[in-house]
Amino acid sequence: MSRYTFFEKEEPADLPRQFFIALCLIIAVFFGLAGRLWYLQIAKGPYFKKLSENNRIRILSIPPARGIIFDRKGIRLVNSRPSFNLYVIPDDVKNWEVLKEQLCKLLDLEQEQVEQRLAQKKMNPIHPIPIKLDITEDELGRLESFKYLMPGVYIEVSPQRNYPLGPVAPHVIGYQGEITPKQLKSGQYPENKMGDFIGQWGLEKEWQQVLGGKKGGRFLEVDATGQEVQLLSVQEPLSGNNLETSLDWDIQKVIQEAMKGKPGAAVVLKPDTGEVLAMYSSPAFDPSSFTRKLSTMEWNALFADPYKPFQNRAIQGQYPPGSTYKMVTALAGLEEKVITPETPFYCNGALPFGKRVFHCWRKGGHGSVNLHKAIVQSCDVYFYNVGIRLGVDRLARYAHMLGLGEPTGISLYPEKGGLIPTALWKLGRYKTAWQPGETLSLAIGQGYNLTTPLQMASITATIANGGKVFRPYLVKRIVSPEGRLIKAFVPQQVRQIPVNPEHLRLIRQAMAGVINEPGGTGGAARLVGLVAAGKTGTAQVVALGKRGGRDHAWFVAFAPLESPQLAMAILMEHGGHGGEAAAPVARKVLEAYFHLPPRVASPPAPQAQSEALVEEKNLD
């Protein structure tokens, strides 16, 4: 029997039936497809033709709410408000010449302004071009009335940065501005496009990633004129996080009022943490000006201002520290054992050295002077002698130890480092050897010495807290919009300076005498009920510019003497003498911080009025 015997009795009767069923299914699918094709092509053809020709899908971004910046007491320094902004989407514009004419008429714009903005139309035809930001209600009404005649015109409601307290701390807070082509090309802002606003300075710039949030988007169906047909979907934006700063708004406001109309800078720190309680630079500018696009004329006017309102003098201004530097000389002299607290030097008003005579600010001299009296009365001859015994390099070593000659590391850009010269530095810089007479000028804070107000506030804090060098900082916490803590920042102690604590105590006591003892040069900062300590300084200006013929006035201080809660440096450009111009500003800060009644300022002490840099007379 063959192998197929078993199948010989079976009929393949099911095969035709299965073939028939399959054939029917194929025919049914064919007719289904043909019917659907007929429906789409014939029955709905006109509709879909119109839709394909006229309607498109448009994705419009939704800007996120930017984070709020608070002071240490919860006062809002910066927030946001709604703003109506006019954009043009190039791909939707039908007639550019007509559109420019319409925009000029409706918004009272110059033809040149509109053309300048529309010059970006070749960059990306579907990206909106900002034409005018923060338009008024009247402008909005006119645009809405005629928008149907202007294909491509698009109005967006977005959060607008708001500085409700005005120009009280613009150099710290910074401002927002439109992103530049250079910034776009840098790759640091991948989610931004032309027309977006980002932080351009200060905390707004340094914390852009934290404050900025994440954009959302609206998916729209639009018609041929760019008008919205229907909203397809929405992706909600993510709001930026908030910053809680260390700034004390009350102190900041007091400084602003005290320095109104006077170029200079002030920095107030907490000595035990490095928190910045206040930082002010005068003259200031209004950050609200940058929430709209400034014209070229406005930009030029700001940058041509001889008082340079954009310069943050607190971290960028570099000045000779004057007699405030004598604390450094005193500490170096004690540590290097070239003097003791009682080492006397006799001051008759001048010190001959080499072929020159170096004068003291008091022409009649101070008589026999020890360390305490030298600091209290700011005797120059005493510190000339200490400088001679130290030499330039040992003096520079202690200045660097305290933090001078280098940036403090505060997270603000661009901080300058100042200059603390050495013999090697001069040889490299000027190709000449250091002359011993130059050390005398350094010892009283003149010569090549350059410091910033922030540095002087920092070394004052270090002396006040017993030798701890803290990195100054401005942001205490990052908090989500819902109030959830994201990150807290703690004080950063950079180092403990290796000096005898007793030497720091002696200097602190002498600084208390500057304000509170008869003959002290800082009597203008004296207050009833508070023992503060300080040091005046008058820094000679070698090249007196067009803005005046007076020297710079310094005053550094901390308080209270026994348990310091704040340390500060006040610098008044061309203010004259430190005890006369800068100490009263410090007194107002102390009054505000310690809630003391205002004191009627008394006339400055005779010493303070006449304290000035010695005149170097060349006897050649």
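# Values and Cut-offs in a Predicted Model

Reader: Why does Lys147 count as buried?

Author: Lys147 has a relative accessibility of 18%. Buried means under 20% relative accessible area, exposed means over 50%, and partly exposed lies in between (1.4 Å probe, protein chains only). The value of 18% is under 20%, and therefore Lys147 counts as buried. The model is a predicted one, in which local features need pLDDT of at least 70 and side-chain atom pairs count only at pLDDT 80 or more, while totals for chains, interfaces and linings use all residues. Residues are numbered from 1 along each chain as its sequence is written, and side-chain values use heavy atoms, with hydrogens and water left out.

Reader: What makes the contact of Glu144 and Lys147 a salt bridge?

Author: A salt bridge is a side-chain nitrogen of Lys or Arg within 4 Å of a carboxyl oxygen of Asp or Glu. The side chains of Glu144 and Lys147 meet at 3.8 Å, N to O. As 3.8 Å is within 4 Å, the pair is a salt bridge.

Reader: Why are Lys73 and Asp250 called partly exposed?

Author: The relative accessible area of Lys73 is 48%, and the relative accessibility of Asp250 is 39%.

Reader: What makes Lys215 and Asp196 a salt bridge, and where in the chain do they lie?

Author: The closest N and O atoms of Lys215 and Asp196 are 2.5 Å apart, and the pair forms a salt bridge. It links distant parts of the chain: Lys215 is in the loop between α10 (208-211) and β8 (216-222), and Asp196 is in the loop between α8 (181-186) and β7 (197-199), 19 residues apart. Salt bridges that share partners also join Arg66, Arg161 and Glu204 into one network.

Reader: Why is the ring pair of Tyr87 and Tyr154 called tilted?

Author: The structure holds 17 aromatic pairs. Rings of Phe, Tyr and Trp (its six-membered ring) pair if their centres lie within 6.5 Å; planes under 30 degrees apart count as stacked, over 60 as edge-to-face and the rest as tilted. The centres of Tyr87 and Tyr154 are 5.9 Å apart and their planes stand at 35 degrees, so the pair is tilted. It links strand β3 (residues 76-88), which holds Tyr87, with strand β5 (residues 153-162), which holds Tyr154, 67 residues apart. Tyr87 and Tyr154 are both buried.

Reader: Why is the pair of Tyr175 and Phe285 given the name edge-to-face?

Author: The ring centres of Tyr175 and Phe285 are 6.0 Å apart and the planes are at 85 degrees, so the pair is edge-to-face. Tyr175 belongs to the loop between α7 (170-173) and β6 (176-178), and Phe285 to the loop between β12 (276-282) and α12 (296-304), 110 residues apart. Both residues are buried. Ring pairs link Tyr175, Trp201, Phe285 and Phe310 into a cluster.

Reader: How do you know that Asn79 counts as buried, and what does it touch?

Author: Asn79, in strand β3, has a relative accessibility of 15% and so counts as buried. Contact means heavy atoms within 4.5 Å. Leaving aside neighbours within four places in sequence, Asn79 is in contact with Ile68, Gln160, Arg161, Asn162 and Pro164.

Reader: What makes helix α13 mostly covered?

Author: In helix α13 (residues 326-335), ten of its ten residues are buried. Among them are Met327, Leu331 and Glu335. Just after α13, Lys337 takes a positive phi of about 60 degrees.

Methods
Helices (H or I, at least four residues) and strands (E, at least two) are DSSP runs, numbered from the N terminus.
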